[in-house]
Amino acid sequence: MNIKEMKVKRLLLGILDILWRGLAVLLLVCLIAVCATGVSPVYRFAEPKPFSGPDLFNPYSSFDSLSAPLWKRANFHTHTRVEGLFNECDHSPQATLDSLRSFGYDIVTFSNHNALTVHPSDSSLQVNVYEHGYNLLKYHKLVFGCSKVLHWDHLLPVFAFQRQAMLDWLATDADILQINHPLRTGLSTRRTMERLSGYRLMELDSGRSTEQEYWDWALSAGHYSFGVANDDLHYPDRSSRIAVRCNFLQTPSARYEDLRTTLTGGCFYSMRVPDYGHGDWAAKHRGNADLPYITSIGVRPVQSGEQIYISLSRQADSIVVTGQGHRRLKTGRSCSVLEYEMQPEDSYARFTAWFPDGEVIWSNPFARYDASVSTSPYRIEDHPISIFLTFLYNLFMITLIVIASILIVRICQRRNIRK
């Protein structure tokens, strides 16, 4: 091998060595970041406990179908252009608001990632809400009624105790917490959903599934929440992304104090709306102006107990009552009315209505509880911290950080490969 070839070989080996060391350092830095943000208390979660009690909670006890001005269409998960480099939407808050209002939305809250957005036109309609979460698994939450943004997050929230810890931390400065798109969140297993608590709202999916099985996993474990369907809007100029999910609330105004009362009381229902016209905006506006709706819903006594019922403004292909364990308790075909008599073993029940044109309506759940003890089935769950496991887990995280740091120093000090 001549001198020229030896120089080329040394150059290539040097480049490979630099690339290998750079990659190794990058991976170790990522490991440090994951471990440093992974610190968390480790909880002892209670076993799943279905709803029970002598009473049946009716979220629609104040339902009034005759007062049309009380019913308002809402989207709570909306992204807009924000200050800074990281934008998930190119449209201003006002332009986004105008687009949603053209489809009949009365209430729009701006939930940008880790940023509070000022209402663009009416300060009395300001809602302090943001979407929390930087992590790689897309474990995101909406935080309502906060005074500031919590910027801390686990980069890789693999464990249920990490996710619960974040809910607990967020709850210290929030009126309402909502778990976002669990069907699109990595590792949202049944076991995880059976453990998490402290949220009041569960975001429903209407893309890949309309069954909402993960919601039933949580409800069946005794974690009561109301369901909301939101556009998660990033592209108001795309017909397939806007006005495809919504909520109808019985509320006297769009002011936050009224929204908070309704969102914690449950007198609202959620809806999937098809993309009418598939790009034909005129057809989309016409379809959104004539949606099916609930005309009555609630609980009434019958001879042997209590019956839940629903009636709709038009005939549905099917109406299903879903209960404990995601089990179908009753199905009505080609109907606009359905009743179901609650059985002693039924811990909760909820309605889903599928319509011929693709619309879907979800009710909030009716659930067992003891009215002499609480005002609803929602309860603050007890999940005590395991001091021993918390120490071991965080010691392990710190150990990995130290080992990774030592390896980085050694790699950086390593001499280039000799010829």
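## Salt bridges

Salt bridges link Glu47, Arg190, Arg191 and Glu194 in a network; a salt bridge here is a side-chain nitrogen of Lys or Arg within 4 Å of a carboxyl oxygen of Asp or Glu. The model is a predicted one, in which local features need pLDDT of at least 70, side-chain atom pairs count only at pLDDT 80 or more, and totals for chains, interfaces and linings use all residues. Residues are numbered from 1 along each chain as its sequence is written, and side-chain values use heavy atoms, with hydrogens and water left out.

The whole structure holds 12 salt bridges. One of them joins Lys284 to Asp275, with 3.0 Å from N to O. Both Lys284 and Asp275 are buried (under 20% relative accessible area; exposed is over 50% and partly exposed in between, with a 1.4 Å probe and protein chains only). Another pairs Arg314 with Asp290, whose closest N and O atoms are 3.3 Å apart. Because Arg314 lies in strand β12 (residues 305-323) and Asp290 in the loop between α7 (281-288) and β11 (294-302), this pair ties together parts that are 24 residues apart in sequence. Arg314 is partly exposed, at 27% relative accessibility. Arg379 meets Glu381 at 3.1 Å, N to O, and Arg379 is partly exposed at 30%.

## Overall chain

The protein chain has 8 helices and 16 strands, taken as DSSP runs numbered from the N terminus (helices H or I, at least four residues; strands E, at least two). Its C-alpha trace spans about 95 × 55 × 40 Å along the principal axes. Of the 419 residues, 51% are buried.

Among contacts (heavy atoms within 4.5 Å) with a separation of 6 or more, 66% are between residues 24 or more positions apart.

## Nonpolar surface patch

Val8, Leu11, Leu12, Leu13, Ile15, Leu16 and Leu19 make up a nonpolar surface patch with about 640 Å² of accessible area together. Patches take residues with over 30% relative accessible area and no salt bridge, joining nonpolar side chains (Val, Leu, Ile, Met, Phe, Trp, Tyr) within 5 Å and like charges within 9 Å. Areas are from the Shrake-Rupley method with a 1.4 Å probe; for residues, only the protein chains shown count as cover. Ile15 belongs to helix α1 (residues 3-36) and is partly exposed, with a relative accessible area of 39%.

## Asn114

Asn114 sits in the loop between β3 (107-108) and β4 (129-132). Asn114 is buried, at 10% relative accessibility. Leaving aside residues up to four places away in sequence, its contacts include Tyr130, His132, Val149 and His151.
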